[in-house]
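Hi there,

Here is the structure I promised to pass on. Have a look at it first, and then read my notes below.

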Amino acid sequence: MNIQSITIKDIAKALNLSYSTVSRALKGSYQISEPVREKVLAYAREHNYRPNLLAQSLKNKNSRCIGLVLCTIPNSFLGEVINGIESVASSKGYLVIITQTNESLENEKKALDHLTMRAIDGLLISVSTETRDVKHLEAYHERGLPIVFFDRICEGLPTHIVQSDNEGGAFELTKHLLDQGYRRIAHITSPTHLAMTQERLKGYRRAYREAGLTVDESLLKHCAHGGAIVAEVEQALDELFALPQLPDAILAASDRMTQSSFQYLRRKGKKIPEDIALAGFSNFNAPELFSPALTTVVQDAFEMGKRAAVLLIERIEKKHKSFTPEKIVLPVQLQVRASTRQTITL
């Protein structure tokens with residue numbers, strides 16, 4: 001069925017009002033009396049009026065579209081981030097165009113090209129694991145494209161950043177494991193060049209240092225694609241279980257790494273936590289439904305999305321004004337469950 005919307009001119013002619021009066025009424029202007037505004041709105045609803053966003057964007061040089069670049073969409077953490085972003089964007093009248101890189105720098109560059117060809121007003125991005133420098137982003141930044149980094153960030157650009165307390169979360173989780181009596185805590189994480197990886201390693205090392213213990217570097221394993229490829233997590237675990245001294249706990253740095261580790265241990269017949277403890281940074285639904293329930297560091301992904309979207313839209317709408325880059329670090333929460341308890345009493 002072809003549904004055609006009427007225009008402001010059509011409403012003005014039907015109600016014998018001027019174009020400007022109808023336009024102001026539709027925008028809720030205080031200059032228009034309540035009876036006239038209600039009359040215009042009622043007619044608009046009845047006759048399927050829809051604003052012409054294309055015409056408005058051409059007039060205002062504003063597309064009201066935001067580009068969103070993610071490493072991968074099938075991810076519970078990023079799913080919550082998307083919900084947070086869209087909760088803000090929709091309330092402000094912005095459309096979010098979502099793309100994913102699958103952890104590829106080349107795909108990231110292509111996504112940026114496609115999004116900017118569609119004249120987005122701003123960009124939200126969590127960089128891929130292959131992104132070592134940000135020259136491709138610098139080029140768009142210098143052309144005036146508002147950019148906000150979230151989760152996986154790059155600090156080389158003078159722009160807004162929203163992230164979790166990665167160091168604090170890793171510190172608290174490592175300290176919890178040490179307090180439980182574990183000493184050989186393996187850390188399966190992302191590539192070393194990522195700021196997130198460095199921050200979590202810093203927290204991990206600080207917990208060992210404050211406990212008066214030394215980190216065994218052979219227990220640190222870096223997955224080139226951040227655990228997106230199950231085989232790379234399994235290879236890291238194979239290497240850990242081939243060590244002369246086995247790990248007694250695993251700290252995984254993401255949803256995917258945690259779940260892949262859990263499946264690996266189950267397949268190998270390892271009992272959790274009797275043979276080895278398992279915990280990680282994870283936002284997947286109902287970790288307590290795993291057997292045993294998994295200890296996790298939970299990030300406020302929804303709030304991260306909201307804060308990033310608010311900062312970007314403020315930047316878009318004040319595009320020609322100077323601004324001070326802001327770095328927001330959101331607190332995380334350690335949720336202790338059975339997978340890391342050294343002694344379980346029934």
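**What I found**

Y204 and Y208 sit four residues apart in helix 9 (residues 195-210), so about one helical turn separates them. Helices here are DSSP runs of H or I with at least four residues, strands are runs of E with at least two, and both are numbered from the N terminus. Before going further: this is a predicted model, where local features need pLDDT of at least 70, side-chain atom pairs count only at pLDDT 80 or more, and totals for chains, interfaces and linings use all residues. Residues are numbered from 1 along each chain as its sequence is written, and side-chain values use heavy atoms, with hydrogens and water left out.

Back to the two tyrosines. Y204 has 0% relative accessibility and so counts as buried, and Y208 is buried too, with a relative accessible area of 2%. (Buried means under 20% relative accessible area, exposed means over 50%, and partly exposed is in between, using a 1.4 Å probe and protein chains only.)

How are the rings of F262 and F290 arranged? Their centres are 4.9 Å apart and their planes stand at 90°, so this pair is edge-to-face. For the cut-offs, rings of Phe, Tyr and Trp (its six-membered ring) pair if their centres lie within 6.5 Å; planes under 30 degrees apart are stacked, over 60 edge-to-face, and the rest tilted. F262 belongs to helix 11 (residues 255-267) and F290 to the loop between strand 9 (277-281) and strand 10 (295-299), so the pair ties together parts that are 28 residues apart in sequence. F262 is buried, at 10% relative accessible area, whereas F290 is partly exposed, at 22%.

The structure holds three aromatic pairs. Y204 and Y208 make a tilted one, with 5.2 Å from centre to centre and 55° between the planes.

The axes of helix 1 (residues 8-15) and helix 3 (residues 34-46) come within 11 Å and cross at roughly 120°. Axes are lines fitted to C-alpha atoms, for helices over the stretch in contact, and angles run from 0 to 180 degrees between N-to-C directions. Helix 1 and helix 3 are therefore oblique to each other (under 35 degrees is roughly parallel, over 145 roughly antiparallel, 65 to 115 roughly perpendicular, and the rest oblique).

Which residues meet there? I11, A14 and L15 from helix 1 meet K39, V40, Y43 and A44 from helix 3, contact being heavy atoms within 4.5 Å.

In helix 2 (residues 19-26), the buried residues are T21, V22, S23 and A25. Helix 1 and helix 3 are among the parts covering them. After helix 2 comes G28, which has a positive phi, near 75°.

I98 is in strand 2 (residues 95-100) and is partly exposed, with a relative accessible area of 31%. Leaving aside neighbours within four places in sequence, I98 is in contact with L68, L70, I73, I82 and E86. From I98 to G84 is 14 residues in sequence and 13 Å in space, C-alpha to C-alpha.

S128 lies in the loop between strand 3 (122-125) and helix 7 (135-142). Is S128 buried or exposed? S128 is buried, at 0% relative accessible area. Not counting residues up to four places away in sequence, S128 touches T101, E103, S104, L105, E108, R152 and L194.

Cheers
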